[in-house]
Amino acid sequence: TNLKSFITHTIEALEYGSQNETIKRFKNTLTQLANFFSNITKPTVAALNGNIGEALFAVSLACDFRYATSNTIFHIQTVKLGLPTTGVLAFYLVNYIGLPRSIDILLTKTSLSAPEVHDLGLLTDVTADEELMSRCVEKLNDISQYPSYSISAMKRILRPDTNDISMLLDRAFEEFGSNLKEIRKALSDRK
């Protein structure tokens with residue numbers, strides 16, 4: 001209901017021609033988080049457990065390693081709600097698994113299990129609940145044996161260029177704004 005409330009308020013603000021501060025903050029926060037995790041020179045590990053929303057799924061893809069418990073579900077609700085996806089999720093999916101599989105996920109899925117996400121190559125591993133944090137710490141301990149300059153250089157070489165994230169977010173919010181009538185109808189039909 002929080003997502004639905006956010007969307008409803010966003011639609012109202014856009015319909016009245018105002019540039020909603022909430023939208024700008026949400027977009028800026030996603031961009032900053034993704035850029036932060038992508039550009040940090042130290043290794044980053046995401047520990048994912050339970051229900052993971054689209055924004056957290058997107059930001060976790062900016063981390064170097066991602067572990068999830070076997071019961072973790074990744075929700076992709078924008079299609080179900082009749083909305084365009086966030087640019088951050090689209091950016092990482094296309095960069096990591098390619099355009100055809102990204103389109104399939106974003107247009108036909110409303111959720112993915114941790115094993116499904118692992119099979120796509122988007123998780124380092126799937127663990128039991130009680131092992132999640134120890135596996136993350138173990139990975140960081142293993143990597144800490146290597147020279148930090150070597151790790152930083154490797155990350156800069158391998159990571160996708162995040163300059164496109166802001167452009168994709170702008171595009172996503174433009175699509176959102178240009179389809180207000182259809183989005184409002186889809187939301188009211190769901191009540």
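**Helix packing and burial in the predicted model**

In this predicted model, the buried residues of helix H9, which spans residues 148–158, are Ile151, Ser152 and Lys155. These residues cover an arc of only 95° around the axis, and they therefore lie on the same side of H9. An α-helix has 3.6 residues a turn, so residues three or four places apart point the same way. Tyr149 and Ile157, by contrast, are exposed on the other side of H9.

A packing arrangement was also examined for helices H5 and H6. Helix H5 comprises residues 87–97 and helix H6 residues 99–108; the two pack at an angle of about 140°, and their axes are 7 Å apart. Because angles over 145 degrees would count as roughly antiparallel, this angle makes H5 oblique to H6. The crossing in which H5 passes H6 is right-handed. On the H5 side, the contact is made by Leu89, Ala90, Leu93, Val94 and Ile97, while H6 contributes Leu99, Arg101, Ser102, Ile105 and Leu106. Classified by residue type, the contact of H5 with H6 has 8 nonpolar residues, 1 polar residue and 1 charged residue.

Ser102 is found in helix H6 and has a relative accessible area of 1%. Because residues under 20% count as buried, Ser102 is assigned to the buried class. When residues up to four places away in sequence are not counted, Ser102 touches Leu93, Val94 and Ile97. Leu93, Val94 and Ile97 are among the residues of H5 that make the contact with H6.

Key: Residues numbered from 1 in each chain as written. Predicted model: local features only at pLDDT ≥ 70, side-chain atom pairs only at ≥ 80, totals over all residues. Heavy atoms only, no water. Axes fitted to C-alpha atoms, helices over the stretch in contact; angles between N-to-C directions. Helix = DSSP H or I, 4+ residues; strand = E, 2+ residues; numbered from the N terminus. Parallel < 35°, antiparallel > 145°, perpendicular 65-115°, else oblique. Left-handed = near helix turned anticlockwise from the far one by under 90°. Contact = heavy atoms within 4.5 Å. Nonpolar A, V, L, I, M, F, W, Y, C, P; charged D, E, K, R; others polar. Buried < 20%, exposed > 50% of the residue type's maximum accessible area, 1.4 Å probe, protein only. Arc of directions from axis to C-beta.
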